[in-house]
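Have a look at the fold before reading on.

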Amino acid sequence: MSEIVNKVKRKLKGATNGQPTRAALPPGLPGFLFFLTAVFTLCFVARLGLDNSVKLFTAGEIATQDVAADQNLQIEDVEATSRKRDQVAESQPPVFDVSPLPYEALAKTATDIVAAVRAAGGEDVEKLRWQIAENLNTEVGPDVMEVWRLDDFKSLLEHDVLPWLKQGYESGVVAASAQFAPYKNGILIRDLPSMMETLRVETRDIKDLKQVKDDMEHMLKVSMNKPFRLRKAVYVLVYPLLAPNMTFNQETTQARKREITRAVEPLYYIIKKGEIIVRQGERVGPVQQLKLQALYSHRKGPYNLYRALGLFGMCLMFLAVLAVSLERSGLRRVRGTDWVFLSVILLIFGLLAKIADVVTLPGGGGLPEATRSMYFAISLPMAGAAGILALFFSKRLCIFVSLILSFLAANMVYGGVGIFCYYFVGCMIYVYLMKRSETRPQVLRSAVPLFAALCLMWGSVNLMDLGDPSVAGTGVAFTALSAFLSLLAVVGIAPIMELIFGYTSRFRLMELLNLEQPLLQELMVKAPGTYHHSLIVSNMVEAGARVIGANPLLAKVAALYHDIGKLKSPHYFIENISCKENRHNKLAPSMSALILIAHVKKGVELAKEHRLGQQITDLIGQHHGTTLIAYFHHKAKELAESKGDDPIREEDYRYPGPKPQTKEAGLILLADAIEASSRTLVDPTPSRIRGHIHNIVRKIHDEGELDDCQLTLKDLSLLSDTFQRILTGIFHQRIEYPSAKAADDRNGKPREEPPCAVTPKGAAEHAA
């Protein structure tokens, strides 16, 4: 008999534990891959050109239709840019190099000639004269040679002429002053040894060779009053050697013009999406042809794979940030079904954005052409997608999915940063509003603050992108349309998604909270003790969820239904035994444990049968974790020891689990154990209740049942105080009515306990 019971028990445990709830498993890889596929599809569609409204007309041709820009674009005005660069290049002053070499060569040659003439004698003088004349390329007479031999000439040359020339060369000598005529803005003079540059705006004081000769002649004739013979000797020697030391550096000048030309920013024609380039019947001009050619060359082709990959890379980065923000479990906290649901929402609203980008109103629908596409963009109900997600997922997940959707939708309508912010802020506001809405009327009223927020965002986008306050009024109508469509999406799409994917929204939870639900009515009739126990536990977990920041509505509803599995065999649970013999007294401990364990599996089956939702089903499967059925385990050990049987396996007396995976599941486990075991308390004073709660919480925590549900020690302390307050209110003492006591005294017999009072033993069995 014992072997048969163990086989049945292992089979039942295998059926219970062989299919662990999805909350205990990471999401399936296929679901995540489906989500990535959906994101890449939207990235591809975002850069997919489904319409080409750009028609190409040449200058002088009559346009046969209106042509509007299908995107924002800037086109370089080549002619205007070239004129601007030419103007800047012309204003660049030329570079003239000032070198000391011409003077040094002149001084050395003149000194060498004089020294050679003074040293020559006899026949060598005539030969030297012809040689000097050849080198100077001028006639040198014998009389000039005689003067060059004089000491006065040498003194004049070394002490007066050469120093004067040196001073003149320092400021620069040009070949002819006419070189400066084209340069009205001055010139740059660069000293070659030091490479220092000086801007000379006024060039009239720069001497040329003719002025140097005239000034020398004036110095010798007027200032120094030298005789003609001596002056002529100086002229013959110096004039042929004079050379300009200020020369135009064409290479450096051109290089600087090229450099400054490159620094000139091009001039552009700015084209806004929706702007009319040419109207029907209008003759196309050169500028219009240029714009049409640019739009045609930048038209949306069949696809732009590189941009699509870029968008996909950005979305992957958003997912990476999401994985980091979801703490240690990362994206594994999101189940496979969740990924599919998120993919469907992205595809629905992403493709809606693409359709809005492609569809145009015939003739503009009476709307301004320059803002028609913007009106389509702001009317899209992207906030509705965030509102749907807020009904089922955490704020953090809603924020990041809304970020991806807003990013993709803004790229589909080519709206830029302004439209992206419009979508994203609208999504965040609607997530906040949906999280605060607990009834359907509150959902309907949420459209009003959403509309107000979208109006503010529209005003900002208008000023930032359009800069046209005159069209703000028409845009308000489209923001109202966006708010209405968002509300319609939440009211219309959310129930469909809830039905298809088995999610449980807060509105569904409110419906399940109604005590007139058939399942609760059946529990109240067939298992009234369990029903009463569930009511108390639901009140406990609701209060506990509020103090630790869990979901109080989900916890309360799950607590109401956590023991529905007892409907299959209610009379095997002590709280439902009414004036009858305890059936466990006739069963082996292993069979009793088997019946207790089975109520979890049967509860999961009933939850699925009545479509309570996956969240409630998961919490029912986790509400006992892997705790030990201590009473029957101890009873089995005593029985085995007395009979000398094999040792009892502890795992056969444990619930199959999984352990609580969420705060709500941990709350229900604690409240269930504390409420059931509190029935064993004799004279439940506040201090005894407090000590009892602390013992139960410490025991469950030490056994590791709360390791996966993220309940902290601070949470456990807050929960202990909350549970104590509620149980103290339940077990408060009442005064004894004197009429009952007097009647007993008159009858001469002591009062008896009710025949079906719960004994400590029965309470212990229930606690197990």
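How many helices and strands make up the secondary structure of the protein? There are 32 helices and ten strands, taken as DSSP runs numbered from the N terminus (H or I of at least four residues for helices, E of at least two for strands).

This is a predicted model, in which local features need pLDDT of at least 70 and side-chain atom pairs count only at pLDDT 80 or more, while totals for chains, interfaces and linings use all residues. Residues are numbered from 1 along each chain as its sequence is written, and side-chain values use heavy atoms, with hydrogens and water left out.

Of the 768 residues, 46% count as buried, meaning under 20% relative accessible area with a 1.4 Å probe, protein chains only. Among contacts (heavy atoms within 4.5 Å) between residues at least 6 apart in sequence, 80% join residues at least 24 apart.

Now to a helix pair, whose members are these:

| α28 | 663–677 | L669, L670, A673, I674, S677 |
| α29 | 686–702 | H692, I693, I696, V697, I700 |

The axes of α28 and α29, lines fitted to C-alpha atoms over the stretch in contact, lie 10 Å apart at an angle of about 135 degrees, on a scale from 0 to 180 degrees between N-to-C directions. That makes α28 oblique to α29, because angles under 35 degrees count as roughly parallel, over 145 as roughly antiparallel, 65 to 115 as roughly perpendicular and the rest as oblique.

Finally, G336 sits in helix α13 (residues 336–358). G336 is buried, with a relative accessible area of 17%. G336 and P30 are 306 residues apart in sequence, yet their C-alpha atoms are 7.1 Å apart in space.

Note on methods:
Buried < 20%, exposed > 50% of the residue type's maximum accessible area, 1.4 Å probe, protein only.
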